[in-house]
Amino acid sequence: MKFAVIVFPGSNCDTDMYHAVKDELGMDAEYVWHDASDLSKFDGILLPGGFSYGDYLRSGAIAQFSNVMSEVVKAAKEGKPVLGVCNGFQILLETGLLPGAMRRNESLKFICQPEELVVENAGTMFTTQYEKGEVISVPVAHGEGNYYCDEETLKALKQNNQIVFTYAENPNGSVEDIAGITNKEGNVLGMMPHPERAVDELLGSKDGLKLFQSIVKSWRERYVAAT
Amino acid sequence: MYKVKVYVTLRESVLDPQGKAVMHSLHKMGQSEVEDVRIGKYLELTLQKGNYDLDEKIVAMCSKLLSNPVIEDYRYEVEEVVAQ
């Protein structure tokens with residue numbers, strides 16, 4: 001399986017993301033600069049965290065118009081797995097691939113600490129290796145991770161099982177303790193916590209590894225087993 | 001030329017923690033009459049005149065990029081200016 005790690009000016013978790021899939025999982029991975037105009041050779045797209053375009057205007061707002069994003073939208077429409085972590089999540093929201101928006105943390109503080117997450121949906125292509133209700137430890141590092149959506153959107157998120165991760169203890173004021181959601185189709189996941197920073201005991205936790213393993217497993221079942 | 005002044009603020013229904021913090025600070029200053037503070041952004045755009053619908057253009061820019069309609073409202077003012 002071949003992953004694209006999209007790099008924007010200001011991305012700073014790209015190396016961690018690359019390490020997670022390349023070194024920990026042994027998959028193919030490539031860094032792809034934001035002005036790339038073809039992602040067709042990749043099977044999965046990873047949008048890393050950081051501060052794309054310096055967070056100017058709003059987090060993720062400028063990135064939505066970079067060249068590569070129309071290709072990311074295309075990949076998402078084709079059903080390829082698209083994972084956005086932290087700033088990557090913010091970009092997915094601004095691009096409209098996921099519903100809702102991010103506000104500043106309720107405390108106004110940048111929060112950087114391990115968080116306990118509850119796996120709410122173990123049926124997505126990102127979570128099959130977890131159990132529903134499993135509590136995992138994954139670090140967060142954000143100033144704007146306070147997820148917001150209106151009542152109607154929240155209802156739809158619940159109805160379609162789109163809420164994938166919630167915080168055991170809400171650190172940022174996020175609606176319904178939401179830490180990560182997918183699109184309706186289930187192939188685009190945005191989450192504020194950093195699974196790529198939890199892939200080895202040396203890092204304090206390897207609970208994030210199963211997320212990447214789930215992506216690979218789902219892909220194998222869909223494409224390799226079928227041929 | 002047009003000078004377009006755009007004001008972006010969080011929607012009324014969205015809590016503004018920054019505004020709240022500033023309000024508390026104003027209260028500590030003794031400004032107890034302050035009931036609410038909303039913090040927003042101010043943008044100034046300079047546009048060439050042309051064969052286009054100005055309002056339509058501004059609305060497109062505001063709703064797609066300058067503000068995020070999920071959490072923000074915007075309003076704008078237009079001034080005609082003579083190019084120097």
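**Note on a predicted two-chain model**

1. The largest nonpolar core holds 75 residues, and the members that touch the most others are Ile6(A), Leu83(A), Tyr147(A) and Phe165(A). Helix 5 of chain A, residues 209-224, gives this core its largest share, six residues. A separate core of eleven residues lies apart from it and includes Leu45(B), Ile58(B), Cys62(B) and Leu66(B). The model is predicted, and this applies to every point below.

2. Not counting residues up to four places away in sequence, Ile6(A) touches Ser11(A), Val32(A), Leu39(A), Ile45(A), Leu46(A), Leu47(A), Pro48(A), Val68(A) and Val72(A). In soluble globular proteins, nonpolar side chains tend to be buried together.

3. Chains A and B meet through 15 residues of chain A and 16 of chain B. About 1300 Å² is buried between them, with carbon and sulfur atoms giving 66% of that area. Six residue pairs are in polar contact across the two chains, counting pairs with both residues at pLDDT 80 or more. On the chain B side, helix 1 (17-28), strand 2 (40-47) and helix 2 (54-66) each supply at least two of the residues that touch chain A. By class, this side of chain B has nine nonpolar, four polar and three charged residues.

4. The rule finds one salt bridge across the interface of chain B and chain A. Arg58(A) and Glu72(B) form a salt bridge, with their closest N and O atoms 3.7 Å apart. Both residues belong to a network of salt bridges that also links Glu94(A) and Lys41(B).

5. Helix 3 of chain A, residues 87-95, is mostly covered, with eight of its nine residues buried. After the helix comes Gly96(A), which has a positive phi near 90°.

6. Val140(A) sits in strand 7 of chain A, residues 135-142. Val140(A) counts as buried because its relative accessibility is 0%. Beyond its neighbours within four places in sequence, Val140(A) is in contact with Ile111(A), Cys112(A), Gln113(A), Glu115(A), Tyr167(A), Pro193(A) and His194(A). The C-alpha atoms of Val140(A) and Pro195(A) are 9.1 Å apart, although 55 residues separate the two along the chain.

7. Ser205(A) lies in the loop between strand 11 (188-191) and helix 5 of chain A. At 9% relative accessibility, this serine counts as buried. The Ser205(A) side chain reaches the backbone oxygen of Ser137(A) at 2.8 Å. Leaving out residues up to four places away in sequence, Ser205(A) touches Ser137(A), Ala198(A), Val199(A) and Asp200(A).

8. Over all chains the structure holds 14 salt bridges. One of them joins Lys2(A) and Glu30(A), at 3.2 Å from N to O. This pair links strand 1 (residues 2-7) with strand 2 (residues 28-33) of chain A, the two residues being 28 apart. With a relative accessibility of 28%, Glu30(A) counts as partly exposed.

9. Lys158(A) and Glu176(A) form another salt bridge, with closest N and O atoms 3.3 Å apart. Lys158(A) is in helix 4 (residues 151-159) and Glu176(A) in the loop between strand 9 (163-167) and strand 10 (178-182) of chain A, so the pair ties together parts 18 residues apart in sequence. Lys158(A) is partly exposed at 44%, and Glu176(A) is partly exposed at 43%.

Terms used: Residues numbered from 1 in each chain as written. Chains lettered and ligands numbered in written order. Predicted model: local features only at pLDDT ≥ 70, side-chain atom pairs only at ≥ 80, totals over all residues. Heavy atoms only, no water. Core = buried A, V, L, I, M, F, W, Y, C linked by side-chain atoms within 4.5 Å. Buried < 20%, exposed > 50% of the residue type's maximum accessible area, 1.4 Å probe, protein only. Helix = DSSP H or I, 4+ residues; strand = E, 2+ residues; numbered from the N terminus. Contact = heavy atoms within 4.5 Å. Buried area = accessible area lost by both parts, 1.4 Å probe. Salt bridge = Lys/Arg side-chain N within 4 Å of Asp/Glu carboxyl O. Polar contact = N/O pair within 3.5 Å; in protein donor to acceptor, adjacent residues only side chain to side chain. Nonpolar A, V, L, I, M, F, W, Y, C, P; charged D, E, K, R; others polar.
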